[in-house]
Amino acid sequence: MAAKPPAGDPVQDAPEVAAPQHAAAGLPAIGHTLRIAQRQMGVRRTALTLLKVNQKNGFDCPGCAWPEPDKRHKAEFCENGAKAVAEEATLRRVTPEFFAAHPVADLAGRSGYWLGQQGRLTHPMYLPEGAASYEPVTWERAFDIIAEELHALATPDEAVFYTSGRTSNEAAFLYQLFAREFGTNNLPDCSNMCHESSGSALTETLGVGKGSVLLDDLHKADLIIVAGQNPGTNHPRMLSALERAKAGGAKIISINPLPEAGLERFKNPQTARGLVGGGTPLTDLFLQIRLGGDQALFRALNRLILEAADTTPGAVDEEFVREHTHGFEEFAAAARAADWDETLRATGLTRAEIDQALRMVLASRRTIVCWAMGLTQHKHSVPTIREVVNFLLLRGNVGRPGAGVCPVRGHSNVQGDRTMGIFERPAPEFLDALEREFGFAPPREHGLDVVRAIRALRDGQAKVFFAMGGNFVAASPDTEVTEAAMRRARLTVHVSTKLNRSHAVTGARALILPTLGRTERDVQGGGEQFVTVEDSMGMVHASRGRLEPASPVLLSEPAIVCRLARRVLGPESRTPWEEFEKDYGTIRDRIAAVIPGFEDFNAKVSRPGGFALPHAPRDSRSFPTATGKANFTAAPVEYPTAPEGRLLLQTLRSHDQYNTTIYGLDDRYRGIKNGRRVVLVHPEDARELGLADGSYADLISEWTDGSERRAPGFRVVHYPTARGCAASYYPETNVLVPLDATADTSNTPASKSVVVRLEPSDPA
């Protein structure tokens, strides 16, 4: 069992367990939303705040990046979005007195849930070398400390500048500009840990590392395939789009090791049918695939489509393939060679299930494939997503209304941050544009991604770590290695709104810099400001906070970057940092001069609802790849296997969670209440392993190099997951994923196919 938590921190390994649910949202979602919001914000603040979420004159939800429709409901938010807003707009405060009462050692022993519940940070805090507790510090002194450490580095590449996906476009652009003017491309971000595999695969095959569909395309689709994704918990507003697609006649195939309540039935809380009726059944075919079997499934479907084309005209869009693609013959040879025994072994499906999916595919003129972490966090994630692209190209389902690729991003502006240049491997054209616009020579050598940054900190090759948002320690793999690496740094700095685990795992010196949230008014020297974000489908729009800041001491993210840059770069910098801090419109003017698609940025974003960025494959069926066409690919089929007595484990979120932010201890749809240290195991697998429902086990991951990692004290829950597979929540199970266990090409941690054995443990 896990150690007993400190006083006031709830036990998380003894949950109540009930049967999983088969429908999402409805009245329970409304009740849960209001209870959470009122506990954090009070009744009046709840009403004023939630009615501004995702509105054209309001602020962008700090949760997921799902796009908003043009016509919006007055309650244009989901349960988890409301939780995110409530924790940001909370009336609770973390003051200097709090830090005096809670030394770093105490904070390090607390759960992420407890830390997040303490409230908003109010003052810059400094942990001197050798000190036990954070102490208040002025902004001026904080920037001096950072400048001292940065100037003491042997090379700018000894600094790492990390970015969370909640950072605005304006702040992200300034942040990468500062880092590059300082002299490094060490700009890892949360994309490295989630959708980097998508970007790698899509850039190679289509020429653009983003999805090709807009929200209206889902409404026009004949078939939507949702693979490796749980919209009911991770992107709940997507369910409304799927419901509308169903009303228009679309069919939905869900591909997942776990049955997910939201994909079974959606009770839309914005409609009478959703509140008091039975809701809408969404999934027409559920393919309960084994972990990591998706490449084999899409390869088999591609083989069947090619075979159908031998006798059925139109099964393959031959004109599209001929005019717009490259590499078809090599791909077709590999697809036709797909082995059925291997396919069934890899997927755990039957031939009848795959044939049923084929019939739905061939009946569809317009097909969209959506996916998330279930596809992107395997060793073979990039070839898996390339196989998805092959599947769509075969029938011309790219650049057609109602069809295309739809990687569903998590953080609300993670896609925008990458667009703004937060990338350790920037394109030469982007660096050329920066040089022309700002008159300095940006570094050209590629920088560090997340995994390589941890290695550099571990090995003493990086000495300063600066995080613009996020919870780097809890989000990263190989927890013990990551924490040891962070503690080797000379200085760690976190720009944050709330406490998290990363504030308790520090370098020799540490700073916490409190910042404005999305919900808050941002007034600078040039008056009230707004920022912009890019959603998961390439729509850019404004976000305007309305609440008074949690503390008069807070600075906005753009202001923090501008003041830091002025202090570090000094008068030699020709960049107008002071002007940028006063008026964010001047930042957008320079973005317009550097980044294609943002011409007349200020004018475009002034329109309610914003604007769509150009996407060549979608807009003109043109493909900016090395071949000038969409590229078919042919790669060997890969899939993970587990030896006898072992299971394949995936890490996932609970319903009371967004990434590493834990809002509560329930996973309502999966029947888990008041606990997080659980492992979901198929009843037959559990019986074969001698694990009764309610027993306890340690999770031990096993790797090909002979190494092992242990996560102790998990309650076994018998659950209808795919045979041979198990599931457990992160960040608790991040400890099981070694730093070097990553996806080929993208270097994303392989958190969705971990070979584990379960050793019974004593609950006492």
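Trainee: Which residues form one aromatic cluster with F161?

Mentor: Y175, F178, F182 and F466 form that cluster together with F161. This is a predicted model, in which local features need pLDDT of at least 70, side-chain atom pairs count only at pLDDT 80 or more, and totals for chains, interfaces and linings use all residues. Residues are numbered from 1 along each chain as its sequence is written, and side-chain values use heavy atoms, leaving out hydrogens and water.

Trainee: What makes F161 and F182 an edge-to-face aromatic pair?

Mentor: Rings of Phe, Tyr and Trp (its six-membered ring) pair if their centres lie within 6.5 Å; planes under 30 degrees apart count as stacked, over 60 as edge-to-face and the rest as tilted. F161 and F182 are 6.2 Å apart centre to centre with 80° between the planes, so the pair is edge-to-face.

Trainee: Why is the pair of F161 and F466 called tilted?

Mentor: The distance is 6.2 Å centre to centre and the planes are 45° apart, so the pair falls to the remaining class, tilted. F161 lies in strand β7 and F466 in strand β16 (residues 464–468), so the pair ties together parts that are 305 residues apart in sequence. Both F161 and F466 are buried (under 20% relative accessible area; exposed is over 50%, partly exposed in between; 1.4 Å probe, protein chains only).

Trainee: Why are α24 and α26 called oblique to each other?

Mentor: Their axes cross at roughly 55°. Angles under 35 degrees count as roughly parallel, over 145 as roughly antiparallel, 65 to 115 as roughly perpendicular and the rest as oblique, so α24 and α26 are oblique.

Key: Axes are lines fitted to C-alpha atoms, for helices over the stretch in contact, and angles run from 0 to 180 degrees between N-to-C directions. Helices (H or I, at least four residues) and strands (E, at least two) are DSSP runs, numbered from the N terminus.
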